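Subject: Structure handover

Hello,

Please find the structure below, together with its sequence. My notes come after it.

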Amino acid sequence: MTTEINGKIIKALSGFYYVLVNDKIIKCRARGNFRNENITPLVGDIVKISIENDLGYVIEIEERKNELLRPKVANIDYNVIVTSFKSPVFSSKLLDKLIVLNEYSEVETIIVFTKLDILNSNELNECNKIMNYYKQLGYNVFSNSNCDIQNFKNIVGNKFISISGQSGSGKSSFINKLSDNKLEIETARISKALGRGKHTTRHIEFHKIGNFYIADTPGFSSLDISFIEKDELKYLFKEFKDSRCKFQTCNHINEPNCEVKNNIIETDYINTRYENYKILFKEKEEQKRRY
Ligand SMILES: Nc1nc2c(ncn2[C@@H]2O[C@H](COP(=O)(O)OP(=O)(O)OP(=O)(O)O)[C@@H](O)[C@H]2O)c(=O)[nH]1
Ligand SMILES: [Mg+2]
Ligand SMILES: [Zn+2]
């Protein structure tokens, strides 16, 4: 007997998709013809499955509201970027690249800073400045302290959330903490010799915590955004959008009378975002030349 029902993929592992239907999870294979059409089901997809003799098959994928590229998930309300200030060391460039990816997929950003407990007072000062800087830009910024965990929970009710960040930044630990340690997702110390994470999480999986779902994902050590065109990059830095630069095609680099550039020279806040923008833009110019 064959039955067809709708559900949501909440985990992908070893060629199987785990589809949530009402409160039950059904383990499914994908129907072969997805691969031919160059479509692969993603965690987060709303799908139609058919159940034949107790075996589930994903047979249809509903049109996606959005699709994030890192991690590869679909239909996300927020992506949480988890970043440590120390071990692994904070990189504003990596953070800005991750924000660019969220903007590219039109997914809202939450930034969570971890490991504030191991900072000395100077480092803590510096970290607070950076957190405020991103807050002023309009992003949701939290630490992983108990108080901020509550603030985080206050905005994510009924949402589907994914998480991204370097290996070892504390993504899985953060999810465990959100669950009051009811979840016991595996975590691992970062390598003392390399100062990097050990790629502990290997697959994408949504966890239900209270009234929201959050997907743990594998961390990474490098991040490729070369598929984004150089002239597209400026649209992914949201603070440029409401700048008064009146030139449609201006990339805000060396063009005369550019208001983005003028404003940045006039203010003295930490303008790492603009510096990173210029670095990423240059990298893209060099990329072009190589091809
Ligand atoms: N001191 C301190 N350690 C933390 C904090 N958050 C995470 N850690 C530690 O950092 C290490 C890495 O944490 P994980 O949660 O495994 O990191 P991850 O981002 O999931 O890493 P991958 O799965 O490899 O991508 C573990 O030893 C955690 O205990 C924090 O806020 N403070
Ligand atoms: Mg992990
Ligand atoms: Zn300009």
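The notes below go from the domains to a few strands and helices, and then to one residue.

Please keep in mind that this is a predicted model.

In their contact, domain 2 takes part with 10 residues and domain 3 with nine residues. On the domain 2 side, helix 2 (92-104) and helix 3 supply at least two residues each. Helix 2 has the largest share, with six residues. By type, the domain 2 side has four nonpolar, two polar and four charged residues.

Strands. Strand 9 (residues 108-114) pairs with two other strands. With strand 8 (residues 78-84) the pairing is parallel and has seven bridges; I81 is bridged to I111 of strand 9. With strand 10 (residues 140-143) the pairing is also parallel, over four bridges, and I110 has N140 of strand 10 as its bridge partner. Five of the seven residues of strand 9 are buried.

Crossovers. Strand 8, helix 2 and strand 9 form a right-handed β-α-β unit. From strand 9 the chain continues through helix 3 to strand 10, in a β-α-β crossover that is right-handed.

One residue. N122 is part of helix 3 (residues 121-136). N122 counts as exposed because 8 other C-beta atoms lie within 10 Å, and the cut-off for exposed is 12 or fewer. N122 and K230 are 108 residues apart along the chain, and their C-alpha atoms are separated by 37 Å.

Regards

Key: Residues numbered from 1 in each chain as written. Chains lettered and ligands numbered in written order. Predicted model: local features only at pLDDT ≥ 70, side-chain atom pairs only at ≥ 80, totals over all residues. Buried ≥ 20, exposed ≤ 12 C-beta atoms within 10 Å, placed from the backbone. Contact = placed C-beta atoms within 7 Å. Nonpolar A, V, L, I, M, F, W, Y, C, P; charged D, E, K, R; others polar. Pairing = 2+ DSSP bridges. Right-handed = clockwise from strand over helix to strand, strands pointing away.
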